[in-house]
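Thank you all for coming; I would like to walk you slowly through one structure today. Please have a look at it first, and then we will take it piece by piece.

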Amino acid sequence: MSSTRTLPRITTGVHGLDFLLGGGLFQTGVYIVQGGAGSGKTIFANQVCFHQAAQQKRAVYYTLLTESHDRMMAFLQPLAFFEPKQIPNAVNYVSGFKILENEGLPGVLRSIRDVVAAQKPTLLVVDGVVTAEEIAPNDTAFKKFLHELQTLSTMFRCTTLLLTNTDAAKRLHAEHTMVDGIIELRSDVGRFQAHRAIEVSKFRGGGQQRGPHTFEISDEGIRIFPRIETILRPAGERPRPTERTRAAFGIERLDRVLEGGLPTSSNTMLLGASGTGKTVLGLHFLDAAAARGERGMFFTFYEQRDELIEKARRFGLEAFARGVEDGQIEVIWHSSVEANVDHIGNRLLASYQRIKPARVVIDGLHGFQVTVDPAERVQDFFAAMADHFMVEHSTILFTSETPDLVGQRSIHPPFPNASRICQNIVVIRYAELQGRVERVLSVIKMRDSNFDPSLHMLTIGSRGIELGELTTEADMLLGGQPRRTWSPTGA
């Protein structure tokens, strides 16, 4: 019986990239790294080079550009991965521009062969492939140049990265078929926000994670945030409805309405206008968890940790306040400015995996909706995240703000096909009643669970949220435009 030999790989040291590649770049592979000016190609290649050095291996960075190596290294100096002591023994910079001018592509091939034979690197970077293409006498000569680079990579067992700009890469249709992979770096602007994306459009021998993925450049170098939908694969089944217990709020009448609380390992959307009490209800939910000794997580785009502790104590929710201070409950704040769902989602997921909370409150779906990502992506992202949490036996409550304060005849969920994401829906809204603006709560939906569908008056006082008696003085309260009810005799 014949057996297939798996090619060895080299890790890249670029956070998230090896996941996209299914384990790293293949040894002896030749890969095009393309992108526009300022997209991060140079940082990308240098980060991979210095990762090889950190692994006690060698890398050669061969340039066909006129930019001096001193200038390049000056720009790399602030980056955490840059280690000058690794130069030139572990990371060797070689300029081939003069050789290209004087001897053409054959001279460059000879020069690269000599350097690789002497250094025996695991990684070869050729920066400025567009320059080689421009100086080549014809397409055939350039294709032969690439073929010879592939031969050198195989002969010396090294991986090769060919750096080129996007405009040149669009002309390399034939060359794209010759290489083993294509990695593209892009820098776009959406909703007046800058957004960087990386896509592995071709990768021979491996099942790469297709499509664009977010990345950022910081003092640490390049960090990739794979799309959450690619990370969160179903790892099990949700608990059956008959196996679910209840997660109480600690609000007596509300827990009666819910027949004990929200079903555990379920997902609940809390809809309401600004100021209706959504955040306070989330605090109650985690306060009750802390009182039971359960771990909780509060993810928010609004109040930060100390603000939430102060608010909880103002409403007498001492278990929440102590839980945050003792580490039983973790508050995670994230700005929605200049953000994207994968960056936020990776942070949320990392915190979740570290905390392993029984209950999760996500305060503000709006924070995800104002990111640079397309609106239709948000619900896919949120569905994947919620499914993962529920499979892990967490109970999720997330809030969503309705656009109008009062007078709205109908309340619309923030995305179509709400049933795909929301197992349970609770609504709080304002209604004018007898010259006062009141809050009204109603449970709209609880999948596979019984509940009381009646309307209840909601008040926020020194003890937090309380539900009042059923209101029978008017109907259409949930529509925001109540009408007074009358007896059958019209009295």
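Let me begin with a question: which side chain meets that of Glu 101 in a salt bridge? Before I answer, please keep in mind that this is a predicted model, in which local features need pLDDT of at least 70 and side-chain atom pairs count only at pLDDT 80 or more, while totals for chains, interfaces and linings use all residues. Residues are numbered from 1 along each chain as its sequence is written, and side-chain values use heavy atoms, with hydrogens and water left out.

The partner is Lys 98, at 3.8 Å from N to O, where a salt bridge is a side-chain nitrogen of Lys or Arg within 4 Å of a carboxyl oxygen of Asp or Glu. Both Glu 101 and Lys 98 belong to helix α4, three residues apart, which is about one turn of the helix; the structure holds 15 salt bridges. When I say helix or strand, I mean DSSP runs numbered from the N terminus, H or I of at least four residues for helices and E of at least two for strands.

Let us stay with α4, residues 97-119, whose axis comes within 11 Å of the axis of α6, residues 139-156, the two crossing at roughly 10 degrees. That makes α4 roughly parallel to α6, given that angles under 35 degrees count as roughly parallel, over 145 as roughly antiparallel, 65 to 115 as roughly perpendicular and the rest as oblique. The axes are lines fitted to C-alpha atoms, for helices over the stretch in contact, and angles run from 0 to 180 degrees between N-to-C directions. Contact means heavy atoms within 4.5 Å, and among the residues that meet are Leu 105, Val 108 and Ile 112 in α4 with Phe 142, Phe 145 and Leu 149 in α6. This contact divides into twelve nonpolar, no polar and two charged residues, where Ala, Val, Leu, Ile, Met, Phe, Trp, Tyr, Cys and Pro count as nonpolar, Asp, Glu, Lys and Arg as charged, and the others, Gly among them, as polar.

A cis peptide bond joins Ile 87 and Pro 88, with omega about 5 degrees, and Pro 88 lies in the loop between α3 (69-76) and β5 (91-95). For background, most residues other than glycine have a negative phi, and most peptide bonds are trans.

Now to α11, which meets two other helices. The axes of α11 and α13, residues 318-326, come within 7 Å and cross at roughly 70 degrees, and the two helices are therefore roughly perpendicular to each other. Leu 283, Leu 286, Asp 287, Ala 290 and Ala 291 in α11 meet Glu 318, Ala 319 and Phe 320 in α13, a contact of six nonpolar, no polar and two charged residues. With α12, residues 305-314, the angle is about 80 degrees and the axes are 11 Å apart; Thr 279, Val 280 and Leu 283 in α11 meet Leu 308, Lys 311 and Ala 312 in α12.

Finally, which element gives the largest share of the lining of the second largest pocket? Again α11, with four residues, while by class the lining has seven nonpolar, two polar and six charged residues.
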